[in-house]
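Please read this briefing alongside the sequence and the model. The points are grouped by topic.

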Amino acid sequence: MGRYILRRLLYAVPTLLGVTVVIFLMVRLIPGDPARLIAGLLATEEEVARLRVELGLHRPLHEQYLRFLGAALRGDLGISAATRTPVAAEIGSRLRATVTLAVTSTALATLFGLVAGIVSATTANSPLDYAVMVAALVGVSVPVFWLGIMLMLLFAVRLRWLPAGGYGGPAHLILPSLTLAAFSTAIIARMTRGSLLETLGMDFVRTARAKGLPPRQVVTRHALRNALIPVITVVGLQFGALLGGAVLTETTFAWPGIGRLLVSAITARDYPVIQGIVLLFALAFVLVNLTVDVLYAYVDPRIRYE
């Protein structure tokens, strides 16, 4: 297992290097001169040129990239061009809020998605099955920002049960996490239903039924464990997607996380902050995929890492 994890980490190196190249080039394609934007409309050409030199923007692209890569390997993501504070410190101050939101949303999506998928599969082709699948289709189709605004209007403006936005106690977490979990819940429910239906038709499940085991025991002890492998993959990918996809939700609910910081950085053409955040998202995806692969062995003993 240790050799497998080490080999996967080595495979991740070229992936992350490719990500850094793409991030670096795409950020440079954003229209506008960051030095002019930071200096302000009233700044003279000399002041803008001095700021461009200070930010290293006067160097050739390959030199800028190598300086960025070398610093990133040392854990230095640079200095924010807008606030003049270390990027790592800015990200660190927002990381807790985003991770709290992503973990809560993933837990809700996994719980509701698994329950809905199991109910739908065990009552296949019944009115309850159709109702669950229609709800899942709605969850996949509804845009996140629209759902967030509707929940805000209902529970915060009309009913006044929950705060409309901000960061504080558990009540502030309910609406953003439900909004963010809706899409993932629908995906996990559909995947659980399909995988469980396929497993319930296998020979070992029919054998368990022939032995006279209760239907609930056949599902929970025999079929569900084998059906969980594709579901684990989806849950892992959805957690990574929730980390990156929290941009709209955090903006809608004024949640002080990394997604909101990314929007501010893009608006200000703050290259170091944009690069640091996207690099963090890429690293999170790699680690989540590695964790998912390792979990396979615990769910399905037939899998060996040789």
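**Briefing on the predicted model**

Leaving aside residues up to four places away in sequence, Ser 177 touches Leu 101, Thr 104, Ser 105 and Leu 108, where contact means heavy atoms within 4.5 Å. This is a predicted model, in which local features need pLDDT of at least 70, side-chain atom pairs count only at pLDDT 80 or more, and totals for chains, interfaces and linings use all residues. Residues are numbered from 1 along each chain as its sequence is written, and side-chain values use heavy atoms, with hydrogens and water left out.

**Overall fold and confidence**

- The protein chain has 12 helices and zero strands; helices (H or I, at least four residues) and strands (E, at least two) are DSSP runs, numbered from the N terminus.
- The C-alpha trace spans about 85 × 55 × 30 Å along its principal axes.
- Of contacts between residues at least 6 apart in sequence, 73% join residues at least 24 apart.
- Of the 306 residues in the protein chain, 38% are buried; buried means under 20% relative accessible area, exposed over 50%, and partly exposed in between (1.4 Å probe, protein chains only).
- The chain exposes about 16,700 Å², with carbon and sulfur atoms supplying 68% of that area; accessible areas come from the Shrake-Rupley method with a 1.4 Å probe, and for residues only the protein chains shown count as cover.
- Mean pLDDT is 82, and 95% of residues reach 70 or more; pLDDT is the predictor's confidence in each residue, from 0 to 100.
- Confidence is lowest in helix α2 (residues 34-39), at a mean of 72, and highest in helix α5 (residues 87-122), at 90.
- Where pLDDT is low, the predicted coordinates should not be read in detail.

**Two buried positions**

- Ser 177 is in helix α8 (residues 170-200) and counts as buried because its relative accessible area is 3%.
- Val 218 belongs to helix α10 (residues 215-252) and is also buried, with a relative accessible area of 1%.
- Not counting residues up to four places away in sequence, Val 218 touches Val 205, Ala 208, Arg 209, Leu 213 and Ala 223.
- From C-alpha to C-alpha, Val 218 and Val 205 are 6.9 Å apart in space, and they are 13 residues apart in sequence.

**Aromatic pairs**

- There are five aromatic pairs in the structure; rings of Phe, Tyr and Trp (its six-membered ring) pair if their centres lie within 6.5 Å, and planes under 30 degrees apart count as stacked, over 60 as edge-to-face and the rest as tilted.
- Phe 24 and Tyr 65 are edge-to-face because their planes are at 70 degrees, with ring centres 5.6 Å apart.
- That pair links distant parts of the chain, 41 residues apart: Phe 24 is in helix α1 (residues 2-28) and Tyr 65 in helix α4 (residues 61-73).
- Both Phe 24 and Tyr 65 are buried.
- Phe 155 and Trp 161 make a tilted pair, 6.1 Å centre to centre with 40 degrees between the planes.
- Phe 155 is partly exposed at 22% relative accessible area, whereas Trp 161 is exposed at 60% relative accessibility.
- Ring pairs also join Phe 24, Tyr 65 and Phe 68 into a cluster.

**Nonpolar surface patch**

- Phe 145, Trp 146, Ile 149, Met 150, Leu 153, Val 157 and Leu 248 make a nonpolar surface patch of about 640 Å².
- Patches are made of residues with over 30% relative accessible area and no salt bridge, like charges being joined within 9 Å and nonpolar side chains (Val, Leu, Ile, Met, Phe, Trp, Tyr) within 5 Å.
- A salt bridge is a side-chain nitrogen of Lys or Arg within 4 Å of a carboxyl oxygen of Asp or Glu.
- Helix α7 (residues 144-158) gives the most to the patch, with six residues.
- Trp 146 lies in helix α7 and is partly exposed, at 44% relative accessibility.
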